[in-house]
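I opened the model to record its interface, its domains and its packing. My entries follow in the order in which I looked things up.

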Amino acid sequence: MPGIDECLMEAMTLPGARGASLVDWNSGLALGTAGESPVGDHETTAAETAELARAAAEFDSFTASADDPDGAQEAEGQPPVEDLIVTTRAGYHVLRFVRTSFDSSVFLHLWLDRDTGNLALARIRLGDLAERLVLG
Amino acid sequence: MLVRLAAERATGALLRDHGTLYLVDGRVVHAESPASPGMDVLLTTAGRLPREGWDEAVDRAGAHRAVGRFLVDSGRLRDGELEICHLGAVFDAAFFALSPTSGPTRFRYGVGHWFGTVRPVSAEAVERETLRRRELLDAVWPYAAVDTAPVVPRPAAPGQGVGARRRAQRAAADGKRTPAELARFLGRPAFHTLLDVRRLAAAGLVETPLDAAPDATPAPPSPAYVPVPPVADPDIALLRRLRDALEAHL
């Protein structure tokens, strides 16, 4: 089953997909990219989306839950935040956290065209992809 | 030198003071550094891979330079995971291997690494990312002294959140472990730990050594350089402008 490139290529087959990448939210490194970047440079987009993802992944308000106030879940490699969605006038951005069997900090970023993209479908499929990337 | 080796599509090992880069056809296929945890630490310390699983892969596939492949084929790891972990380790080690030093740089043609090729990266991308990382550290908190000093946590300010990931890091910081030791202890990449420690220091959640002078200022520390009391959100750009202005008057 898929490596990073296959996974990104599959994400690009979604309706309205304009760009996709796998990014490390701690360092801002793009581990892989496909399609275009909204600013014409995947590395810039990776660094910027990483800041957003890091805020969500680290702020207690998003990561704490009633039965898990200390974020113990994350210690077991389960990021409590599943995804982030940003809608803009021209598009959608879906950031999906990837769970791995070792300590990592990566997410999939999919950029969709607002007119042709299907946000609900993309969100579900990106979740599948994130899972298959590490579970085979 | 790396650029030249990439241009001539060289295969071999680039040896530097703080680490080694392995090239195949001018592309970086592996890197290791004594300063960064290797794949074994990343996968077994913080991961679900048992130590025996790693040892078995090295024993059985090391001679064929296909350890990574073996881990996937034997069901220990998925393709995506192998790539994510390996790329992380390569960029992490490269950051230290390519750090500016006065030491010699040598290239040994034909030398390969037993881990095997996973996902080659262009030498240019590795060099660019290394530079970006160096700048990122200083943009976060321009005190390189926190990179090597033992990490000493400071209490959070009232209402100041820490976050689960950093909480684990602060819990492991016993006042003796340096960031490099923390990285090994937690099974996290060394650069990520450096970056986290600088972020924590900038937020006042980790001590900045009192005699620390900001980077690129070899001048002796003066009261102006003593780290400020913990501020939740220091305005780094303003601090830098202040520093530059003060230096202009020296």
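How many residues of chain B are in contact with chain A, and how many of chain A with chain B? I find 31 residues of chain B in contact with 28 residues of chain A, where contact is defined by C-beta atoms, placed from the backbone, that lie within 7 Å.

Before going on, I note that this is a predicted model, in which local features need pLDDT of at least 70, side-chain atom pairs count only at pLDDT 80 or more, and totals for chains, interfaces and linings use all residues. Residues are numbered from 1 along each chain as its sequence is written, while chains are lettered from A and ligands numbered from 1 in the order in which they are written.

**Entry 1: the side of chain B that touches chain A**

I listed the elements that give two or more residues to this side: α2 (39–44), α5, α6 (123–140), α8 (164–172) and α10 (190–202) of chain B. Helices (H or I, at least four residues) and strands (E, at least two) are DSSP runs, numbered from the N terminus. The most comes from α5(B), with 9 residues. By class, I recorded 13 nonpolar, 7 polar and 11 charged residues on this side; Ala, Val, Leu, Ile, Met, Phe, Trp, Tyr, Cys and Pro count as nonpolar, Asp, Glu, Lys and Arg as charged, and the others, Gly among them, as polar.

**Entry 2: the domains of chain B**

I noted domain 1 (2–129) and domain 2 (141–248) in chain B, with bounds from an automatic or database domain assignment. Their C-alpha centres lie 29 Å apart. The contact takes 13 residues from domain 1 and 9 residues from domain 2 of chain B. On the domain 1 side, α2 and α5 of chain B each supply at least two residues, and α5(B) has the largest share, 5 residues. I classed the residues of that side as 8 nonpolar, 4 polar and 1 charged.

**Entry 3: the sheet of chain B**

I traced an open sheet of 5 strands in the order β4-β1-β2-β3-β5 (chain B), with antiparallel pairing; two strands pair if DSSP finds at least two bridges between them. β4 (106–109) and β5 (121–122) of chain B are the edge strands, and each pairs on one side only. Helix α5 (79–97) of chain B packs on the sheet and touches β1, β2, β3 (27–32) and β5 of chain B. The direction of α5(B) makes about 80 degrees with that of β3(B); axes are lines fitted to C-alpha atoms, for helices over the stretch in contact, and angles run from 0 to 180 degrees between N-to-C directions.

**Entry 4: B:S36**

I placed B:S36 in the loop between β3 and α2 of chain B. Is B:S36 buried or exposed? B:S36 is buried, with 30 other C-beta atoms within 10 Å; the classes are buried at 20 or more, exposed at 12 or fewer, and partly exposed in between. Beyond its neighbours within four places in sequence, B:S36 is in contact with B:D92, B:A93, B:F96, B:P189 and B:A190.

**Entry 5: a helix pair in chain A**

I examined α1 (4–12) and α5 (119–135) of chain A, which pack at about 170 degrees with their axes 10 Å apart. α1(A) and α5(A) are therefore roughly antiparallel, a label for angles over 145 degrees. The contact is made by A:C7, A:E10 and A:A11 of α1(A) and A:L126, A:L129 and A:L133 of α5(A).

Conventions:
Contact = placed C-beta atoms within 7 Å. Parallel < 35°, antiparallel > 145°, perpendicular 65-115°, else oblique.
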